[in-house]
Amino acid sequence: MTDAVLYQCSDEGIATITINRPDQRNCLSREVREGLRAAWARFESDPAARIAILTGSGEKAFCAGGDLKEMVETGLKTPSRDMFPVPYENLRLTKPTIAAVNGVAFAGGWMIAQGCDLCVASTNAQFAITEVKVGRGSPWSAPLIHMIPQRIYMEIVLTGKPITAARAYEIGLVNRMCEPGEALACAVELAREVLAGAPLSVAAARETVMLATEMGRSAALDMAYAVHERAYNSEDAQEGPRAFAEKRKPEWKGR
């Protein structure tokens, strides 16, 4: 991993992945893409890392998208499906993730924020799918139909115009808003709330949400019961009610 992407994990299991090219508006250059792949792989393989936060250095840009200069130099046409590292799309991840958007998230920046399970944004953040402005495409935006209303999605991709963090929150793209400079702290607070839950229950809950976006009602219900079996049969499933009855904080084992 290069210094283009930084990785650190706290004692409580919160991994922070930071795109560290603020002078380039944290664009998805080749070195950043390679750094992100390495960082996500490290997160997935680290048993101590239970949740990850993706953010960008500085306060102006979370990620301004692909490196247009690089695209010109390489004559890039249709990018391969694995060119840009996107959580759960072309990266195998089994743990929850949060995007901490601290500035502009344009094009590929929106893409990698969209890939995360949850999203917090500072009030000065902006989101845009700008591909129509530069003759490119945004096939990766298809899952947005499960996140925001169709007509809003249509306007965003047809005009390429940015929306504010407040608008992103209003339409359901952003979970929480915070003051400028506080995106990472806000994401850490949200991460701690997720980590307060039983690990196997959190994993099953996340998988249920994803199943529900892929399947019809009956099939999703059948699969959801199946994925929760491990949580129901775990030691934690007994510890939770016991701790509640004894009026104490549960001690999760993750088994």
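With which side chain does the side chain of Asn 124 make a polar contact? The first legend takes up this question, and all of the views below are drawn from a predicted model.

**View 1. Asn 124 in the loop between strand 7 and strand 8.** The side chain of Asn 124 makes a polar contact of 2.5 Å with the side chain of Ser 122, and Asn 124 itself is found in the loop that runs between strand 7 (118–122) and strand 8. A polar atom of the Asn 124 side chain also lies 3.3 Å from the backbone oxygen of Glu 59. When residues up to four places away in sequence are not counted, Asn 124 touches Glu 59, Asn 102 and Pro 180. With a relative accessibility of 33%, Asn 124 counts as partly exposed, because that class lies between the limits of under 20% for buried and over 50% for exposed. The C-alpha atom of Asn 124 is separated by 42 Å from that of Arg 255, a residue 131 places away along the chain.

**View 2. Strand 3 and its two partner strands.** Strand 3 (residues 51–56) is mostly covered, since six of its six residues are buried. Both of its faces are covered, with Ile 51, Ile 53 and Thr 55 buried on one side and Ala 52, Leu 54 and Gly 56 buried on the other. Strand 2 (residues 14–19) pairs with strand 3 in the parallel sense over six bridges, and within this pairing Thr 18 has Thr 55 as its bridge partner in strand 3. Strand 5 (residues 97–101) also pairs with strand 3 in the parallel sense, over three bridges, and here Leu 54 stands opposite Ala 99 of strand 5. Together with helix 1 (residues 30–45), strand 2 and strand 3 make a right-handed β-α-β unit.

View 3. Strand 8 (residues 126–128) pairs with strand 9 in the antiparallel sense over two bridges, and Phe 127 stands opposite Ile 163 of strand 9. As background for reading this view, the strands of a sheet pair through backbone hydrogen bonds, and they may do so in a parallel or an antiparallel way.

**View 4. Arg 21 and its two salt bridges.** Arg 21 lies in the loop between strand 2 and helix 1, and it counts as buried at 14% relative accessibility. Asp 3 forms a salt bridge with Arg 21, in which the closest N and O atoms are 2.9 Å apart. Asp 3 belongs to the segment before strand 1 (5–9) and Arg 21 to the loop, so this pair ties together parts that are 18 residues apart in sequence. Arg 21 also forms a salt bridge with Glu 31, where the closest N and O atoms are 2.8 Å apart. Because Glu 31 lies in helix 1, this pair ties together parts that are ten residues apart in sequence.

**View 5. Arg 92 and Glu 44, a salt bridge between distant parts of the chain.** Arg 92 forms a salt bridge with Glu 44, the closest N and O atoms being 3.5 Å apart. The pair links Arg 92, in the loop between helix 2 (68–74) and strand 5, with Glu 44 in helix 1, and the two are 48 residues apart. Arg 92 is exposed, with a relative accessible area of 65%, whereas Glu 44 counts as buried at 18%.

**View 6. Asp 236 in helix 9.** Asp 236, found in helix 9 (residues 236–245), is buried yet has no salt bridge, and the nearest side chain of opposite charge, that of Arg 255, is 7.3 Å away. A polar atom of the Asp 236 side chain does, however, lie 2.8 Å from the backbone nitrogen of Gly 254.

Conventions:
Residues numbered from 1 in each chain as written. Predicted model: local features only at pLDDT ≥ 70, side-chain atom pairs only at ≥ 80, totals over all residues. Heavy atoms only, no water. Buried < 20%, exposed > 50% of the residue type's maximum accessible area, 1.4 Å probe, protein only. Helix = DSSP H or I, 4+ residues; strand = E, 2+ residues; numbered from the N terminus. Pairing = 2+ DSSP bridges. Right-handed = clockwise from strand over helix to strand, strands pointing away. Lys, Arg positive; Asp, Glu negative; His and termini not counted. Salt bridge = Lys/Arg side-chain N within 4 Å of Asp/Glu carboxyl O. Polar contact = N/O pair within 3.5 Å; in protein donor to acceptor, adjacent residues only side chain to side chain. Contact = heavy atoms within 4.5 Å.
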